[in-house]
Amino acid sequence: MSTVRKNRVTISDIAREAGVSVPTVSKVLNGRPEVAAHTRERVEKLITHYNYSRRASHGTGRAGLIDLVFHTLDNQWVLEIVRGVESVTHDAGVGTVVSSVHDGRRTDRAWLDNLSSRRSDGIILAVTELGPRHAELLRGLGVPVIIIDSLGQPDPSVASVGATNWSGARAAVEHLVSAGHHRIGFIGGPPQLQCSSARLDGYRSALLSAEIAVDEELIVDGDFTYERGECATHELLDLADPPTAIFAANDQQALGTYRAVEQRGLTIPGDVSVVGFDDLPMAQWISPALTTVHQPVATMAAQAARMLLRHAETGSFETNRVELATELVVRASTGPGPRA
């Protein structure tokens, strides 16, 4: 046996010393049968040696706890997700543990150790990539998982809750076209995000339906931050033929657009019309109030929490994919274009 300190032992320590994966140790802890006898014996000896707590297998029924995991915890979108989850878990008498991962400080090992150290009714991953490796690691914990607004194409075996990103983006651009705008800039999100590609496709579709040629110069990648929205707007306004309207793929980038337009001595919507996406609470309080696509973020989170609580009672999800409708909310940040 190694010299790992017993009072600090983690599931990763046991997995490493046994020469197996974290999911394999979790399967042993949860009494699952698909582990070879000699492997099970080796893992169980280490569990006994280190007196590792079998928290994941204590008791039956609900654990009374849900894990909510984000990339980072520094924006209003996160607060809306927390608000939605809490609206369900509070009434159900269930606790919510909020944490972040993939933010440059925490590792997969620390994240999995944290999740495996306690019983949980389920895990909600908010804008978190769940590739094959992560999916397998989480399956090994024996805990149901739901993704909100996933990166990439979600694993079909994993439940997810999203919104109608394509139709929402199309409605935003159709609104600008109907107001007389033909030069419409688009500030997207990270290309690997499924919601980003859907919003870009909606932008393109609206232009093509209006028989407006798609100018690739008017399309710039973003990262859903204020700073990138500001920088991308300057890039668009520096064009020889700049846009008269800008559709930002989320509200935070739209706020960056506001700042860049102000720095140029221009006005919204007099010189540039602006549309966002999300309809975070700040959208109606900034000046001018932001026209944006309402994405039911808190409702999506509440739906995910309800699905997990039902899973705790029934042992399965009724459906693996839920998509909620978006709606364009027209406010003061959009006005007539030069051809209106």
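Three bridges join strand β10 to strand β12 (residues 327-329), and these two strands run antiparallel. This pairing belongs to a predicted model, in which the protein chain has eleven helices and twelve strands. Of the 340 residues in the protein chain, 55% are buried. Among the contacts with a separation of 6 or more, 73% are between residues 24 or more positions apart.

- Within the antiparallel pairing of β10 and β12, V293 stands opposite L328 in β12.
- Strand β10 (residues 291-294) also pairs with strand β9 (residues 273-278), this time in the parallel sense and over four bridges, and here D278 stands opposite H294 in β10.
- On to β8: three bridges join β8 to β9, which run parallel, and A245 stands opposite S273 in β9.
- Strand β8 is in turn joined to β6 by four bridges, with the two strands running parallel, and in this pairing F186 stands opposite F247 in β8.

- How many aromatic pairs does a search of the whole structure find? The search finds two.
- Because F186 lies in strand β6 (residues 184-187) and F247 in strand β8 (residues 245-248), the pair ties together parts that are 61 residues apart in sequence.
- Both F186 and F247 are buried, and together with Y203 they form one aromatic cluster.

- Along its course, α4 bends by about 30° at E86.
- At the start of α4, a side-chain oxygen of N75 reaches to within 3.0 Å of the backbone nitrogen of W77, while just after the helix G93 takes a positive phi of about 70°.
- Which residues of α4 are buried? They are W77, V78, E80, I81, G84, V85, V88 and T89.
- These buried residues pack against several strands, namely β1 (65-70), β2 (95-100), β3 (123-126), β4 (145-148) and β9, and also against the helix α11 (297-314).

**The loop between α10 and β9**

- L266 lies in the loop between α10 (251-263) and β9, and with a relative accessible area of 32% L266 is partly exposed.
- If its neighbours within four places in sequence are left aside, L266 is in contact with L237, V261, D271 and V272.
- P269 is found in the loop between α10 and β9, and a cis peptide bond, with omega of about 5°, joins I268 and P269.

**The loop between β9 and β10**

- P288 lies in the loop between β9 and β10, and the peptide bond from S287 to P288 is cis, with omega near -5°.
- D279 is also placed in the loop between β9 and β10, and D279 has a positive phi of about 60° although it is not a glycine.
- Is D279 buried or exposed? Buried means under 20% relative accessible area, so at 17% relative accessibility D279 counts as buried.

**Two further residues**

- F224 has its place in the loop between β7 (219-220) and α9 (226-237), and phi of F224 is near 70°, a positive value in a residue other than glycine.
- With a relative accessible area of 16%, F224 is buried.
- T39 lies in helix α3 (residues 37-49) and, at 12% relative accessibility, T39 counts as buried.
- Leaving aside its neighbours within four places in sequence, T39 is in contact with V20 and T24.

Definitions and conventions
Residues numbered from 1 in each chain as written. Predicted model: local features only at pLDDT ≥ 70, side-chain atom pairs only at ≥ 80, totals over all residues. Heavy atoms only, no water. Pairing = 2+ DSSP bridges. Bend = angle between axes of the 7 residues up to and from the residue. Buried < 20%, exposed > 50% of the residue type's maximum accessible area, 1.4 Å probe, protein only. Contact = heavy atoms within 4.5 Å. Polar contact = N/O pair within 3.5 Å; in protein donor to acceptor, adjacent residues only side chain to side chain. Phe/Tyr/Trp six-rings, centres within 6.5 Å; stacked < 30°, edge-to-face > 60°.
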